[in-house]
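The following paragraphs lead the reader through one protein chain. Please keep the sequence and the structure in view while reading.

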Amino acid sequence: MPSNNDEYKQAYLRERAARIQAEQLIEDKSRVLFALNEELVKKVADFEHQQQLFIQAEKMATLGTLSAGIAHEINNPLAYAMSNLECLQSTRLTVDKLLLLNERFTSGKLSAAQLKDTLLQLQKAQSFTAMSNEIQELVEDSREGLRRINAIVRNLLNFARPKDNEKQLADMTDAVKNAIKLLSNQLSKCEVVCHYQPIPMAWCNLAAINQVMVNLLINAKHACDELSDDIQAKITVTVAFIEQQICITVCDNGCGMSEHLRDPQK
């Protein structure tokens, strides 16, 4: 009969073999789990990348819709800035004559009497006071037009530039206001009423909110295009803090959605 030592040894060997088998199984499962986790991380990264490409493609499609209006919005201030420069170019001829007279007088080539006579002749052709006021007005108008163009281009670049998905502590109202500024020309025939209530700062993706607002406002504008001429198109934008939640709404008095669009299964 086997001794107690033999039975103990056999039991120990069986337990040891079972433990080694279990450890090997755990190790194998851990390797599989690690490989699956690595694959999941890669797929999540690929998904986020594809999502960014999709968002950027949607932005480019939106820019195609906005391009005509933006071109018109830039062309207006650009046109009168160019017109002002042409007026300044004609005024420059008189200024050149005055500078030449000053140089000839200070160098002794022109007497005081001759200078006075020449200045009186120029004064009859164009009032120096009026010319000074006109130059100031032309410069200010041109500067204002170029500032408008700069603001339009800056808003356009901020909208079109690829953004990451990082959130920041910000006021969501800024994204709403930027969208309305970007679409100011497209919405020129609509009465846009904005109600901005104070809201708390929140962690958000301003670029994504801006994209959503642009799409909502374009949809509202298209809905209002169906109105008859005797009805004023109206779009109401509201930003409010209700029941501890930030609420942003866009309402219009346009044609609305058909029953088919509301419920395609009907």
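Helices α4 and α5 pack with their axes 8 Å apart and at an angle of about 45°. Here an axis is a line fitted to C-alpha atoms, for helices over the stretch in contact, and the angle, from 0 to 180 degrees, is taken between N-to-C directions. The two helices α4 and α5 are therefore oblique to each other, a word used for angles that are not under 35 degrees (roughly parallel), over 145 (roughly antiparallel) or 65 to 115 (roughly perpendicular). The crossing of α4 past α5 is right-handed, that is, the near helix is turned clockwise from the far one by less than a right angle. On the α4 side the contact (heavy atoms within 4.5 Å) is made by A175, V176, N178, A179, I180 and L182, and on the α5 side by L206, I209, N210, M213, V214 and L217. Of these contact residues, ten are nonpolar, two polar and none charged; Ala, Val, Leu, Ile, Met, Phe, Trp, Tyr, Cys and Pro count as nonpolar, Asp, Glu, Lys and Arg as charged, and the others, Gly among them, as polar.

The model is predicted: local features need pLDDT of at least 70 and side-chain atom pairs pLDDT 80 or more, while totals for chains, interfaces and linings use all residues. Residues are numbered from 1 along each chain as its sequence is written, and side-chain values use heavy atoms, leaving out hydrogens and water.

The chain as a whole contains six helices and five strands, which are DSSP runs numbered from the N terminus (helices H or I, at least four residues; strands E, at least two). Their order along the sequence is α-α-α-β-α-β-β-α-β-β-α. Of the 266 residues, 24% are buried, where buried means under 20% relative accessible area, exposed over 50% and partly exposed in between, with a 1.4 Å probe and protein chains only.

The largest nonpolar core holds 30 residues, and L183, V214, L217, I235 and V237 have the most contacts inside it. Such a core is a set of buried Ala, Val, Leu, Ile, Met, Phe, Trp, Tyr and Cys residues joined through side-chain atoms within 4.5 Å. At least two residues each come from α1, α3, α4, β3, α5 and β4, and α5 gives the most, with eight. Leaving aside residues up to four places away in sequence, V237 touches V176, I180, V193, C194, H195, M213, L217, T249 and V250.

Elsewhere, Q123 lies in helix α2, residues 112-125. At 35% relative accessibility, Q123 counts as partly exposed.
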